[in-house]
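Q: I've got this one open on my screen. Walk me through it, please.

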Amino acid sequence: MPVPVITIDGPSGTGKGTIAELLSDRLGWRCLDSGALYRVLGLAAERRGVSLDEADALAEVAAELPVAFVSGRVLLNDEDVSDAIRTEQAGTAASRVAVHPPVRDALLQRQRAMACPPGLVADGRDMGTVVFPSAPLKIFLDASAEVRADRRYKQLKGKGLDANLCALVEDIRARDARDRSRSVAPLCAAEDAVVVDSTAMSIEEVLDRILKEVRRVFPELVP
Ligand code: C5P
């Protein structure tokens with residue numbers, strides 16, 4: 001029996017990560033935050049002095065990346081890098097390393113290996129199109145760039161950090177453009193994905209909407 005997988009793809013700032021965690025908790029399934037892998041790789045490469053443009057050298061770092069996900073924390077070489085990988089700079093580095101096909105290949109098996117019983121919720125950009133193309137339920141979560149930047153702005157301000165809304169909109173647009181236009185695994189909805197536009201929805205409404213789809217595809221899982 002194949003392990004059931006639910007994929008949640010979409011651009012940055014749509015709430016994918018939060019939804020994937022809530023959904024995996026609800027189902028008692030594992031959760032894969034694939035963006036964290038690219039973020040950790042960007043950080044590891046910068047620390048080792050590997051250029052973010054050198055595909056083969058980056059793929060070598062990716063193949064041996066000592067990353068672990070433990071109790072909601074992200075560890076690199078046993079160091080807790082959960083906060084370090086969440087900066088805007090780490091997001092940009094992640095999207096730069098993610099354009100290289102050898103890097104994506106090097107991370108592919110590691111992502112597939114996360115699918116173990118009773119199931120996996122996988123969040124990213126290419127979960128439904130490349131990593132788990134036969135997943136029975138694929139969600140593509142979208143929202144306008146302005147709303148996504150505004151959510152990020154409030155998140156940063158809430159943490160007492162400096163933030164500039166116009167700069168965030170620009171960053172999000174630049175990252176979207178890079179993610180959508182790259183030659184390999186570009187950000188796009190799988191043909192059989194359910195597209196959910198969260199622009200005017202709260203996290204609870206998005207979760208409810210997705211749970212409806214889960215009930216449809218896996219009726220035995222959610223009452
Ligand atoms: O989801 P998150 O914002 O953490 O991802 C950071 C970057 O990693 C994205 O902008 C994207 O370029 C890259 N990424 C990717 N494929 C994935 C997940 C993330 O290319 N499956």
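Q: Okay, what does arginine 47 count as by relative accessibility?
A: Arginine 47 counts as partly exposed, because its relative accessibility is 47%. The cut-offs are under 20% relative accessible area for buried, over 50% for exposed and in between for partly exposed (1.4 Å probe, protein chains only). This is a predicted model, where local features need pLDDT of at least 70 and side-chain atom pairs count only at pLDDT 80 or more, while totals for chains, interfaces and linings use all residues. Residues are numbered from 1 along each chain as its sequence is written, and side-chain values use heavy atoms, with hydrogens and water left out.

Q: And which side chain does arginine 47 meet in a salt bridge?
A: That's glutamate 79, at 2.8 Å from N to O. A salt bridge here needs a side-chain nitrogen of Lys or Arg within 4 Å of a carboxyl oxygen of Asp or Glu.

Q: Which parts does that pair tie together?
A: Arginine 47 sits in helix 2 (residues 34-48) and glutamate 79 in strand 5 (residues 79-80), so the pair links parts 32 residues apart in sequence. Helices (H or I, at least four residues) and strands (E, at least two) are DSSP runs, numbered from the N terminus. Glutamate 79 has 36% relative accessibility, so it counts as partly exposed.

Q: How many salt bridges does a search of the whole structure find?
A: It finds 15. One of them joins glutamate 88 to arginine 152, with the closest N and O atoms 2.5 Å apart. Glutamate 88 belongs to helix 4 (residues 88-97) and arginine 152 to helix 7 (residues 145-158), so that pair ties together parts 64 residues apart in sequence.

Q: Arginine 152, buried or exposed?
A: Buried, because its relative accessible area is 18%.

Q: What does arginine 182 meet in a salt bridge?
A: Aspartate 179, at 3.6 Å from N to O. Salt bridges with shared partners join Arg125, Asp179 and Arg182 into one network. Arginine 182 is buried at 8% relative accessible area, and aspartate 179 counts as buried at 3%.

Q: Switching topic: in what order do the three strands of the open sheet come?
A: The order is 3-4-5, with antiparallel pairing. Strand 3 (67-70) and strand 5 are at the edges with a single partner strand each, so one side of each has no neighbour in the sheet. Two strands count as paired if DSSP finds at least two bridges between them.

Q: How many bridges join strand 3 to strand 4?
A: Four, with strand 4 covering residues 73-76. Phenylalanine 69 is opposite valine 74, and valine 67 is opposite leucine 76. The two strands make a hairpin with two residues between them, and serine 71 in the turn has a positive phi of about 45°.
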